Structure formats: structure tokens, C-alpha cells
Amino acid sequence: MRRALLFGVALLAPALPAEARVTAAPGARVFRLDGNGVTYALGVDDKGYLRPIHWGGPLADGDPLVPPIVIEPSSFDPQPTVTAQEFPGQGEGLVTEPGVKVAFADGNRDLVLKYRSHRVDGETLTVELADIARPLFVTLRYTMDPYTGVLARSATIRNGGKRPVRVDQLAAAVFTLPSGDDYRLSYLTGRHAAEWTLKEVSVTPALTAIESRRGLTGHGNNPWFAIGRAGRTAEESGPVWFGAFAWSGSFRISVAQDVVGRVRVAAGYNPYDFAWALKPGETLDTPVVYAGYSDHGMGGASRSFHAFQLTHILPDHARGRLRPVLYNSWEATAFDVTEAGQMALADKAAAIGAERFVVDDGWFGARDSDRAGLGDWTVNPRKFPHGLKPLIDKVKALGMDFGLWVEPESVNPDSDLYRQHPDWVIAFPGRPRTEARNQLVLNLARADVRTHVLGWLDRLVSENDIAFLKWDVNRRWTEPGWAGKSPGDQQRLYVDYVRNLYAVLDELRRRHPALEIEGCAGGGGRVDLGMMARVDQVWTSDNTDPSDRLAIQDGFTHAYAPAVMMAWVTDSPNWANTRVTSLDYRFLSAMQGGLGIGANLLKWQAEDVVTARKWVAAYKTIRSTIQRGQLYRLVSPDASASTSATMYVAPDQRQAVLFQMLHSSMWRDNPGAILPLGLAAERRYSVRMLGGGALPAGVPAVASGAWWMTQGLRSPLKGDFVGAAFVFEATP
Ligand code: DGJ
């Protein structure tokens, strides 16, 4: 028998440009959200199940909203398996990933969720589901951004019963894509100093889990996905469904084809080691998963997501301010921090045009190496006999603002803090604890630890003229125990820790609205939309080799905006791989995000200072385009291509910058032309070389956008590890 799912036809409001519409048909219980060429639709069937209907390009006003074709269930694949639910409970023999899985106090583990009610508040749709027999409720929230079509989804589970319910698994959202054997999943993976590698795999019935089990986001898998279709999706064309989970702890995004070939994506808390005893009357919220769709390939998807991040995710303060050029002393001095040494570096940093001076690790406690001192956040009197004030005054007199490195969530066992509070660390009492980088993780889930951390950070920022904190964390969790917590609530650690991390960051920002923060975790080990909502920029990777960085930055920008992606010019040979590169090349690589300098300036020759001053000044003329513009990955720096090229186009298309980087030369010449994208076809653009210098032979000084985008730029580059940047300016 063919199951008929009865849907009403939505009554649609008239088209309103740049406004998201949430439409609920009276009585029909069909909902659609429309924004910027994206439609998302769901509805309730005749049995009361909430079904996904559509996620993708825009449907026309008045289109019938019908569910996907349903095949007849067999005894091996009953109804919940062949008929997709919008947010299935684990029950009735479901074999795809559930939205939620629970165990009731009597051992019953069957959960069947059906529609109960809904509400529309402006651009937000809320749908409440309830179990068919027991008072367990799930609330789903949907908000679509009118300018990008990015949908925010989250869920809340509520125990309306009289006994606790154990929540074993909880997603923020489950998504359904139409059937197909040609889906390809892209994700970002890596390790310390090798983050942001883009991988692509086929979507098959074998489940792929993009996950962290580490307690923090981790370098391993970033909570981001993009799904395209083989043969149809390319960098600038074809459909892409994408999303990111805004959470800085353990997470899982699972992707698989179901039994009838539909693609199911579930994003939420990682069920690995997860359990939450939901008390009577208690609720548990998920973080938000943000998901979008583009018809313009991976490039269109990332441009849409970058725009969304700049307008909806970044803190207000960061939205309004371009990233200053910073100097950071870590690679120059490591732990050997002294007042005189930092003052000497500050002189040099100011001379090349840095706007912010940051003292990294080593300024506090007994921190002469990574073996001691973490946790003791008082200025080391040997290194700074008069406190930080003389250095800060000097930095400010030089025209820069002052920043300081902190690692609030960690402690060395060799520290006064640990000696006073050995019970404050994450560990299983009586069991060995893994020390990584000689440190342990403070249990920030505890209220007293949270109060302590906020207290010293607040004092540090209040008592010193500090404009910027680099907030680092340098290890993952290993033995995730919460000493003193009841056995049933132990695993609340995974949620409460991250919530308290956010609470500290939020409160610190509230008390110090001008303070800027950089998120860092041994490089890019905790970059996600949860952190991005609370920091102004992120440290992309400890790998500062300018060539490796091109690949790292390319991967990063698939998910996140270049506006937050910090990149430093450091010394050559590079520490990570001993590669030798020119200072020009290092600057051209680093200025494709937020520019920083991390070299030992005391060892620079006079000509290095002149070169650096030139590039820093040049960066300031294009910074707004890099940090606020649209990014086109013209040629990605994968191992098979010796040339890579990226282009940034200002929102008003009046300025654009094209970076061309040559990994290594082959043959006598390089006949290929790079075709710019994103210029206004009818406008005329002049072109100049960033940093000065003559245009390569044959490149006209002025032409229309259409001319540039069809004729392109012949590569002027020869040699190994060389680069150039062309600046297009619209002529008046
Ligand atoms: C790891 C960071 O990624 C580095 O930039 C530096 O701050 C060190 N920690 C300091 O210990």
C-alpha cells in the first residue's frame, strides 16, 4: 500500500525582498521559511508525524508542498526507516540517526515524537513535539536569515514527568536531502600545525561521523560540513548544502544515505560518553546549528556563510572594527620574556607599522617553561620588576595598543593554584591522570572554578590597560571525571564546561566592552561558531610557514570568514618545516587574512624593516576589502597545482585584490591566465601592483570588469615561493 501523506497548501505572504518569511498554513500544519533564494519546508502528516519537505533553492509562491515519495515499508524496514521524520525519536525501530534517544526510569527506551503545537514569532518558527504516551516534549526552533538564507536550528527537550529521564543522545537538528547516489561530503580535518585540510568523500549508507570526543572542538574534525553532487558541484557552480554546529565541546555531525537513498545529516552533542539525567521539570537545550544552501558551488556557499558570520555571529564590537595589524612575541622569545626584551621588540614593531603589541606566554608566575606556572596569573616580578605598566605605557606611547596571552582553563601541577585546589582539575579520583604539555584541565563546569577564572581575568583587565587577550588552551581532555559530582550527573561535564566557558567570555566582554579577544587552541584547535560569537579573531594554526599557510587558509575559508583568520609573518627558515622563503612571499601569504608579525625583529636587517614597512602600509590600503569583501578561491593551492590564486572583492565592488602565489616554477614560462571573478562587468578598473612596482608586460592599466574577467591576468611569476598581488580600483 502506498502511504498517502496529506498536506495542506501553505498560504503565502507576498514576496518581500530581503525579509525572511515564515509561513504557516492555517489548519494545514505546513510551514515554510524563505530567505535569499532558499526555501526550507516541513509539515505534519495525517498521522501527526513532522516530516521534512524541502531544503534547497527557492520554491515559487503557491507551490504545493508535498512530501517526498514514500516507498512501501517492508517487515525489515518499517515506517520510520523509509519515511523521513524531521526530528525522530529513537523508537519504533528507527535505524537512522535519531534527533533524540532517551531511557525512561522504568527502562522503557521507545520514544515516538509527534506534532503537538507550533508558534510563529517574526522570523522564528517553533514546533513542539511530544511522545505519543509519556510527558516528554521536544521543542524545535527555526530562524532564517533573510540576507543569506542561513537557517538557525536548535532543540530543547523537557521532562514533564515525575521521574528522571536519561538523555543518551540529542541533536540540534536533523536534515534530509533528496535521494541520490551522487552526493559528496566535504569536511575539514587535520592535526596540530596541520589544520584545515579539506577532504571529500562519497555519501553512502556507511555513516560518516565528523566528530570530536576531546572535550573541545579539536584540530581533528571541525564542526562544519558541505555536501555537493558529483559532476554538478564545483567551486563556482552547482548545489551545496552546508552547515556548522556552534559548539566548542565534543560534537558529532553524522552523514549517511538512508535505506531509500536520502541523505540524512544530524548535528548535535556527541553521543559518545554522553548522558544527561533530565530531572522532572528540567529542560536541556542544544546549541544552534547554522545551515545554508547555495546554487553557486563551494565558493557561493562560503561567501554566503562568511557574510552571515560577519553580520550574525561575530560580537558587535568585532563587526564594527577591522583587525589591527598585530605584533606577537611568541616565536621571537618563547618563554624568555623580559621587560627590556619586550620594549626593544615594541620599538621595532611600531617602526614597521604594527598597531597592537602582544606579549605571549611566559609573563606570569614561575613560567620559564611549559612545566610550571600555569594557573598563577600574577606578573612575574623578576621579568617585570615594576609590573606591566612601564611596558604598557611604552607600547601606548609608540602608538600601539597592548595585548596579553592567557590560558585560563589550564593548570600546571607545579603551580600555587594546583597546590591550593588539587580537586579543581578534570580527573577520575584515584586514577592516573594524563598530563599533556605538563598540564591538566581545570574543571570549569564547577561554579567555584568559573568564579575564580572570571575574577582574575576581570582584575587583570581592570588593573592594566589591556586592549586584547589571546585566550589559548593547549590540551584536550583525557580522563573526563568530575570529582564530587553524583555518578548520574558526571557527564554533565561535557555541556556545563562549555556553557561556563561561554559565560566567562560573555561576562568579561560585558564588563569590558572595548576588550578584544583572540580564540586560540594550540593554533586552530577550537575554531567554531560558538567561540566565534565571543571572540574578535582566531589563531588559525601554529604552522606559520607561508606556503603551508596557503593550504591552511584555503581550507579555513571554506567554513569561516577571512575577517577572523589571523596570519603572521615569521622568521625564515620556518620552525614548522625549515622552509626558506622571502619576506615578500611571507607578507603576501599572511595579508590574505588578519595580518600579524611574529618574527624576531631584533634580528632583522635594515632592508627587512624597509620591506616590512612597505607591506604593512600596503596591507592597510586593502585591509577592508580582505576583511569585509567577498572571497573567490580562483585556484586552490592543492599539491597538484603550482599556482594558487585568491581574490577579495569589496562589498561595493569598487576595490578588489587578486593574490597569485607560485609554489615552484616549471618550464620556461607559464602561459596560463588567471581569470578574476566578482568585478562589476560594466565598470572600468585600473590595476596596480600592491606594494608598488611595474605591471607585467601586456597587462593594461585600465579595462572593464568584463575585460578582466574574460581576458585574465598572465602570471608574471617565476621562481619558487614567489607571489604578487594586483589591486583593482574602479575608476570614477
Ligand atoms: C600555543 C599557541 O598556538 C601559540 O601561538 C603560543 O601562544 C603558545 N601556545 C604559547 O604557549
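Tutor: Let us begin with a definition: helices (H or I, at least four residues) and strands (E, at least two) are DSSP runs, numbered from the N terminus. The model is predicted, so local features need pLDDT of at least 70 and side-chain atom pairs count only at pLDDT 80 or more, while totals for chains, interfaces and linings use all residues. Residues are numbered from 1 along each chain as its sequence is written, and side-chain values use heavy atoms, with hydrogens and water left out.

Student: Which elements each supply at least two residues of the lining of the largest cavity?

Tutor: They are helix 11, strand 31 (630–635), strand 32 and strand 33.

Student: What makes a space a cavity and not a pocket?

Tutor: On a 1 Å grid over the protein atoms alone, a cavity is a set of points where a 1.4 Å probe fits but cannot get out, whereas a pocket is an open set with protein on both sides within 12 Å along at least five of seven lines; lining residues have an atom within 4 Å of a point. The structure holds 8 cavities of 30 Å³ or more. The largest cavity has a volume of about 120 Å³, where a volume is the space filled by probe spheres set on the points, joined across faces, edges and corners. Of its 14 lining residues, those closest to the centre are Leu550, Asp554, Gln592, Pro637 and Thr646.

Student: How much space lies in the largest pocket, and which element gives the largest share of its lining?

Tutor: The largest pocket holds about 790 Å³. Helix 11 gives the largest share of its lining, 8 residues.

Student: How do you know that the chain agrees with a compact globule?

Tutor: The radius of gyration is taken over C-alpha atoms, and the globule rule is 2.2 Å times the number of residues to the power 0.38. With 732 residues the rule gives a radius near 27 Å, and the chain has 27 Å, so the two agree.
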